Amino acid sequence: MQHNLQTDRLWQFSLDYYSKSAHSSALLTLQDSYGANVNLCLLLIYLQMHNLPIDVSQIDALHSEVSFFNKTYTSPLRQTRSLFKLSLQELPNYPALRAHLLNAELELEKHEQQILINAYNKTKQQNPDAKLALHYYLSNTLHVSKTDLDQTLIQLS
């Protein structure tokens, strides 16, 4: 089965979903504590909310597909922005520089979503079950502890 998920729809969903502080807090905790890819989490949540199919066996492939780009580009820029925020606030043009870094990071996040969408649209699911996808990714791929897993899934629901 070929899919035609569109990046702009996932991006708008992500902006809306992430704007809720409980959601962004839970996703950032997963990212910082377990190395979760927030964009993959958002894709899995989107698929579940729209009852779109995904085979849990494809989740590791999606994770691998986006990891190289994330580790090479997005994560280093995110770290630079965080360091910049902590140590360079005295610069007279700090607000403008910080905004540019944030915009660049968002563009990289968009590209990650495009990578995920392209990979998802090419997959053929054998046993699709979107309801278990996020749980599978967090518990089997990232090995999130049961306590954190339960709490995070409640925050994200």
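Let's start in helix 5, with glutamate 107 and lysine 110. Both residues lie in that helix, three residues apart, which is about one turn. They form a salt bridge, and the closest N and O atoms are 3.6 Å apart. Keep in mind that this is a predicted model.

How exposed is this pair? Glutamate 107 has 47% relative accessibility, so it counts as partly exposed. Lysine 110 comes in at 33%, so it also counts as partly exposed.

Now, how many salt bridges does a search of the whole structure find? Five. I'll take two more of them.

Stay with helix 5, which covers residues 94–122. The side chain of glutamate 105 meets that of arginine 81 in a salt bridge, at 2.5 Å from N to O. This pair links distant parts of the chain. Glutamate 105 sits in helix 5, while arginine 81 sits in helix 4, residues 59–87. They are 24 residues apart. Buried or exposed? Both glutamate 105 and arginine 81 are buried.

Next, helix 7, residues 146–156. Lysine 146 and aspartate 150 both lie there, four residues apart, again about one turn of the helix. Their side chains meet in a salt bridge, 2.9 Å from N to O. Lysine 146 is exposed, because its relative accessible area is 61% and the cut-off for exposed is over 50%. Aspartate 150 has a relative accessible area of 33%, so it is partly exposed.

Which residues do shared partners join into one network? Arg78, Arg81, Glu105 and Glu109. So the bridge between glutamate 105 and arginine 81 has both its residues in that network.

On to the aromatics. The structure holds three aromatic pairs. Look at phenylalanine 13 and tyrosine 46. Their ring centres are 5.2 Å apart. Why is the pair edge-to-face? Because the planes stand at 70°, and over 60 degrees counts as edge-to-face.

Where do the two residues sit? Phenylalanine 13 is in helix 1, residues 7–18. Tyrosine 46 is in helix 3, residues 38–49. That is 33 residues apart, so this pair too links distant parts of the chain. Both phenylalanine 13 and tyrosine 46 are buried.

One more residue belongs in this picture. Ring pairs link Tyr17 with Phe13 and Tyr46 into a cluster.

To recap for the discussion: on the charged side, glutamate 105 and arginine 81 form a salt bridge, and both are buried.

Definitions and conventions: Residues numbered from 1 in each chain as written. Predicted model: local features only at pLDDT ≥ 70, side-chain atom pairs only at ≥ 80, totals over all residues. Heavy atoms only, no water. Phe/Tyr/Trp six-rings, centres within 6.5 Å; stacked < 30°, edge-to-face > 60°. Buried < 20%, exposed > 50% of the residue type's maximum accessible area, 1.4 Å probe, protein only. Salt bridge = Lys/Arg side-chain N within 4 Å of Asp/Glu carboxyl O.
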